[in-house]
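Thanks for coming. Please look at the sequence and the model first.

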Amino acid sequence: MGSTGTVLRELRGAQKSAKGVSLYSRYVNRPAGRFLAAGAYRAGLTPNQVTLVSALFTYTALAAVALVEPSWTLGLLVYAALAIGFAFDSADGQLARLTGRGGPDGEWLDHVVDCGKLVLVHTAVLISFYRFGELPSDAWLLLPLGFQLAAVVTFCAGLLREKLGKAAVAGAPTASPVSRVRAVALLPADYGVFCLVFLLLGAPGVFRAGYAVLAVVHTLFLAAFLTKWFRELRALRPG
């Protein structure tokens, strides 16, 4: 087992492409995941175990959102746990590529945890609104449901786009260059950036406003993504 520095160098060489990745994932989450992957490698953890560690941090934070009265302290703890869970979500894939121990079971587990996260995060907000919110109107309870719909459809549609177009994309002769403009534009749709809104839990009205803005932004991104992915898949029709 090599030194931590050696492992980190090997992990840097095993990174996925930065194409289509926001600045947060590229410069914050992936580097953090790289250090966690190196630590997991030194500890002898498997990629699937790292995935379960990610789920533990994430789901514990979401349970706290639903069950604990909002406060600045809760917001800080929830954000920290979600950010760590997201970094471990990057670490499992990096560890799998480093060790060659990835497989369909690990990919399946990773997607199941991710899907559960997207459902639970907005369910937790809905429960918090209902239990602690003192909402101006009951119509606010519809907001997490709409946000949840946009998040889950984006996740599932993106996954299907990747799987259905995988053969054609893999056979492409030249990869297009990484666009920094696109990396900046994708920031509002990045899960890591979304998690920042929980730092506002100590001010319920401000949290609701920030959450609502993100819901609108994610819905607009969903419309853009669906249009783009549909056109790309239609272009793959034979003949």
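The chain has 10 helices and 0 strands, where helices (H or I, at least four residues) and strands (E, at least two) are DSSP runs numbered from the N terminus. Read from the N terminus, the order of elements is α-α-α-α-α-α-α-α-α-α.

Some ground rules. This is a predicted model, in which local features need pLDDT of at least 70 and side-chain atom pairs count only at pLDDT 80 or more, while totals for chains, interfaces and linings use all residues. Residues are numbered from 1 along each chain as its sequence is written, and side-chain values use heavy atoms, with hydrogens and water left out.

The chain has 239 residues, and 41% of them count as buried; buried means under 20% relative accessible area, exposed over 50%, and partly exposed in between, with a 1.4 Å probe and protein chains only. A contact here is heavy atoms within 4.5 Å. Among contacts with a separation of 6 or more, 83% are between residues 24 or more positions apart.

Now two helix lengths. The expected span is 1.5 Å times one less than the number of residues. Helix 4, residues 72–99, has 28 residues and should span 40 Å, which agrees with its end C-alpha atoms being 40 Å apart. After helix 4 comes glycine 100, with a positive phi near 70 degrees. The buried residues of helix 6 include Phe147, Gln148, Phe155 and Arg161.

Next, the core. By nonpolar core I mean a set of buried Ala, Val, Leu, Ile, Met, Phe, Trp, Tyr and Cys residues joined through side-chain atoms within 4.5 Å. The largest one has 28 residues, and Val78, Leu82, Phe194, Phe198, Phe207 and Tyr211 have the most contacts inside it. Two or more residues each come from helix 3 (47–67), helix 4, helix 5, helix 9 (191–194) and helix 10. Helix 4 gives the largest share, 7 residues. There is also a second, separate core of 6 residues, including Ala37, Val50, Phe88 and Ala91.

Which residues does leucine 62 contact, leaving aside neighbours within four places in sequence? They are Leu82, Lys117, Leu120, Val121 and Ala124. Leucine 62 sits in helix 3 and is buried, at a relative accessible area of 3%. From leucine 62 to valine 78 is 16 residues in sequence and 7.4 Å in space, C-alpha to C-alpha.

A loop residue for contrast: serine 22, between helix 1 (4–12) and helix 2 (23–43). Serine 22 is buried, with a relative accessible area of 4%. Beyond four places in sequence, serine 22 touches Ala183, Leu186, Leu187 and Asp190.

Last, the cavity. On a 1 Å grid over the protein atoms alone, a cavity is a set of points where a 1.4 Å probe fits but cannot get out, and lining residues have an atom within 4 Å of a point. The search of the whole structure finds 1 cavity of 30 Å³ or more. The largest cavity holds about 80 Å³, a volume being the space filled by probe spheres set on the points, which are joined across faces, edges and corners. Its lining includes Pro70, Phe129, Phe132, Phe207 and Arg208. Helix 5 (104–132) and helix 10 (204–234) each give two or more residues to that lining.

Apart from neighbours within four places, phenylalanine 207 contacts Val125, Phe129, Val197, Phe198, Leu200 and Leu201.

Note on methods
On a 1 Å grid over the protein atoms alone, a cavity is a set of points where a 1.4 Å probe fits but cannot get out, and a pocket is an open set with protein on both sides within 12 Å along at least five of seven lines; lining residues have an atom within 4 Å of a point.
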